[in-house]
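Visitor: Please take one part of this model and go through it closely. I would like the contacts, the strand pairing and the open space around it in one connected account.

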Amino acid sequence: MAQAPIQFDRASGALEGANLWERTAALALVTGSKISSHFSHMGYIACANLLAKTLPRRDIAIKLNPDAVFEFPYGDGYWSKLLNRSYSYEDELELLFADSIDVDYTLLDCGANYGYWSVLVSSKPFGSHKSIAIEPSGQNYPKLANNARVNGNRFETLKCAIGAARGSARLSGTKHEAFSIAGEASDGGEEVPVLALDNLIDDGKVSANGKYLIKLDVEGVEIEAIKGGARLLQTDSVIMCEEHGSDRSHAVSRYILEQTPMKLIVLDPRTNRLETVTELSILDRIKVSTHVGYNVFGTASAFWQDRINALNAKTARRMQ
């Protein structure tokens, strides 16, 4: 029988149910995160995954807030940074989610991995929003489904990839946070079903006139996913796409700016404002690290543009 998960409360820092070695490992993981944060956590994942090999196989349940629990294998290199209470995951997304508590929107969490954002957005402090978490990987999906279960099955899960059209594809990769259908058939991997965003309307999962925040963390097929969501992106929606630091051509942002009716918006760390971008050169300054992703937003919705303008005004007042 599997051991009960270790418990960690991000608010208090309390770690419960861990043995002495697991507690020592937690200190190492936190220290490693704090040190590596000065250089965009370079090397942290590899070191944490090495440490994880010395630990018993069990999960850790992290209390993100009083109504949100996020479970993952203890020592996981990608998610263990959450043990560092000063670490903030994807600030630019949290900024918009935290400001949208009062909006009746649905999160489409595409490339959900273990479901971090679905767990958080469906929690009471974030407005108890509806979420559909979409993850194609046979390795990741059971962990996503488990996080839905431990949070009362309050968000829906779908096991599929997101692409330009309904069909199937091969999913490959060596890191759970970077599985992709963008590779060649010869890369091996697993056969997975593919849905287009607009198929969610066809299949009755979402309406054609709702409000949506659409997270597209789909590892190299963001442009295809945007192409498959023409109808959905005509609603009051915002897409939140990962723009990889190593892509100096800024392909996803370029596509949004030049090939869609959407406005391109990025969080500028200099101003801490969500700035509307007309010139891609701003990304040369923002994307300082080549090994991490940066989220950019696209929207054609006057509603969301007004919300973002109001958020910027609030930020400006706080900084005065």
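Guide: The side chains of K215 and D109 form a salt bridge, with an N to O distance of 3.2 Å. K215 belongs to strand β11 (residues 211-216) and D109 to strand β5 (residues 106-110), so this contact ties together parts that lie 106 residues apart in sequence. The model is predicted, and a search of the whole structure gives 16 salt bridges.

Next comes the sheet. An open sheet is made of 4 strands in the order β2-β1-β3-β4, with mixed pairing. Its edge strands, β2 (15-16) and β4, each pair on one side only. Strands of a sheet pair through backbone hydrogen bonds, in either a parallel or an antiparallel sense. At one end of the order, β1 (residues 6-9) pairs with β2 in the antiparallel sense over 2 bridges. L15 in β2 is the bridge partner of F8. At the other end, β3 (residues 59-65) and β4 run antiparallel and are joined by 6 bridges. D59 has P73 in β4 as its bridge partner.

P73 leads on to the open space. It is one of the residues closest to the centre of the second largest pocket, together with R58, Y74, D76 and K143. This pocket holds about 690 Å³ of space, and 27 residues line it. By class, the lining has 11 nonpolar, 7 polar and 9 charged residues. Strand β4 (68-73) and helix α2 (44-52) each supply at least two residues of the lining. The largest share, 3 residues, comes from α2.

M42 lies in the loop between α1 (20-36) and α2. With I35 and F39, M42 forms a nonpolar patch on the surface. The accessible area of I35, F39 and M42 together is about 320 Å².

Conventions. Residues are numbered from 1 along each chain as its sequence is written. This is a predicted model: local features need pLDDT of at least 70, side-chain atom pairs count only at pLDDT 80 or more; totals for chains, interfaces and linings use all residues. Side-chain values use heavy atoms; hydrogens and water are left out. On a 1 Å grid over the protein atoms alone, a cavity is a set of points where a 1.4 Å probe fits but cannot get out, and a pocket is an open set with protein on both sides within 12 Å along at least five of seven lines; lining residues have an atom within 4 Å of a point. Grid points are joined across faces, edges and corners, and a volume is the space filled by probe spheres set on the points. Ala, Val, Leu, Ile, Met, Phe, Trp, Tyr, Cys and Pro count as nonpolar, Asp, Glu, Lys and Arg as charged, and the others, Gly among them, as polar. Patches are made of residues with over 30% relative accessible area and no salt bridge: like charges are joined within 9 Å, nonpolar side chains (Val, Leu, Ile, Met, Phe, Trp, Tyr) within 5 Å. Accessible areas come from the Shrake-Rupley method with a 1.4 Å probe; for residues, only the protein chains shown count as cover. A salt bridge is a side-chain nitrogen of Lys or Arg within 4 Å of a carboxyl oxygen of Asp or Glu. Two strands pair if DSSP finds at least two bridges between them.
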